[in-house]
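Please open the structure in your viewer and follow the stops below in order. Each stop says what to select and what is there.

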Amino acid sequence: MQLGARWRVGDPPHRGVPEALHGTIAEQEAQHPTAGAWTLTWLEGRPVCELDDVAFVTLDVVGRVRTGPLREGDGAASVHAAPSVPHDRAAAPAAGGPAGADGDSDDDDDDDWLK
């Protein structure tokens, strides 16, 4: 199990952050001088560093550094040595998903025992 962490902008990255991300973290701090803190989480065994609600820095499955905005409308993701961002920041579907005629979700009927 890998635990996440938080650290303030301007401080060295948390010891759990791979060295490969340190330079990009510094670049993001320079681009967003009003940001206050980073949050390190782990997604499928890979580090994801989020700068407040502004930007993220991560590694893809082959170890390439990836970065992009967290808020919609902040521009396209920037990728170091690759054209796409590994995780989707799209809004989650509405609770319950699309309802069928009986009001139940057509996608998932294995929770009928909860009723």
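Begin with helix 1, and select Glu19 and Ala30: these exposed residues sit on the face of the helix turned away from its buried side. Keep in mind throughout that the model is predicted.

**Helix 1, the other side**

Now select the buried residues of helix 1, which spans residues 19–31: Leu21, Thr24, Ile25, Gln28 and Glu29. Looking down the helix axis, you will find these buried residues within an arc of 150°, so they line one face of helix 1.

**The nonpolar core**

Select Trp7, Val17, Leu21, Ile25, Ala35, Trp38, Leu40, Cys49, Leu51, Val57, Leu59 and Val65; these 12 residues make up the largest nonpolar core. At least two residues of this core come from each of helix 1, strand 2, strand 3 and strand 4.

Next, pick out Val17. Which residues does Val17 touch, leaving aside those up to four places away in sequence? They are Trp7, His22, Ile25, Leu40 and Cys49.

Move to strand 1 and colour its two faces separately. Ala5 and Trp7 are on the covered face, while Arg6 and Arg8 are on the uncovered one. If you select Arg6, the residue opposite in strand 2 is Thr39.

**The aromatic pair**

How many aromatic pairs does the structure hold? There is one. Select Trp7 and Trp38 to see this pair, which is stacked, with 5.9 Å centre to centre and 10° between the planes. Trp7 belongs to strand 1 and Trp38 to strand 2, so the pair ties together parts that are 31 residues apart in sequence. Are the two members buried or exposed? Trp7 has a relative accessible area of 7% and is buried. Trp38 is buried as well, at 0% relative accessibility.

**His14**

Select His14, in the loop between strand 1 and helix 1. His14 has a relative accessible area of 22%, and is partly exposed. With residues up to four places away in sequence left out, His14 touches Ala5, Trp7 and Leu40. Its side chain reaches the backbone nitrogen of Gly16 at 2.8 Å. For a distance to check in the viewer, take the C-alpha atoms of His14 and Gly4: they are 9.4 Å apart in space, and the two residues are 10 apart in sequence.

Most residues other than glycine have a negative phi.

Go to the loop between strand 2 and strand 3 and select Glu44. At 68% relative accessibility, Glu44 counts as exposed.

Finish in the loop between strand 3 and strand 4, where Asp52 is found. Is Asp52 exposed, partly exposed or buried? Asp52 counts as partly exposed, at 33% relative accessibility.

Terms used. Residues numbered from 1 in each chain as written. Predicted model: local features only at pLDDT ≥ 70, side-chain atom pairs only at ≥ 80, totals over all residues. Heavy atoms only, no water. Buried < 20%, exposed > 50% of the residue type's maximum accessible area, 1.4 Å probe, protein only. Helix = DSSP H or I, 4+ residues; strand = E, 2+ residues; numbered from the N terminus. Arc of directions from axis to C-beta. Core = buried A, V, L, I, M, F, W, Y, C linked by side-chain atoms within 4.5 Å. Contact = heavy atoms within 4.5 Å. Pairing = 2+ DSSP bridges. Phe/Tyr/Trp six-rings, centres within 6.5 Å; stacked < 30°, edge-to-face > 60°. Polar contact = N/O pair within 3.5 Å; in protein donor to acceptor, adjacent residues only side chain to side chain.
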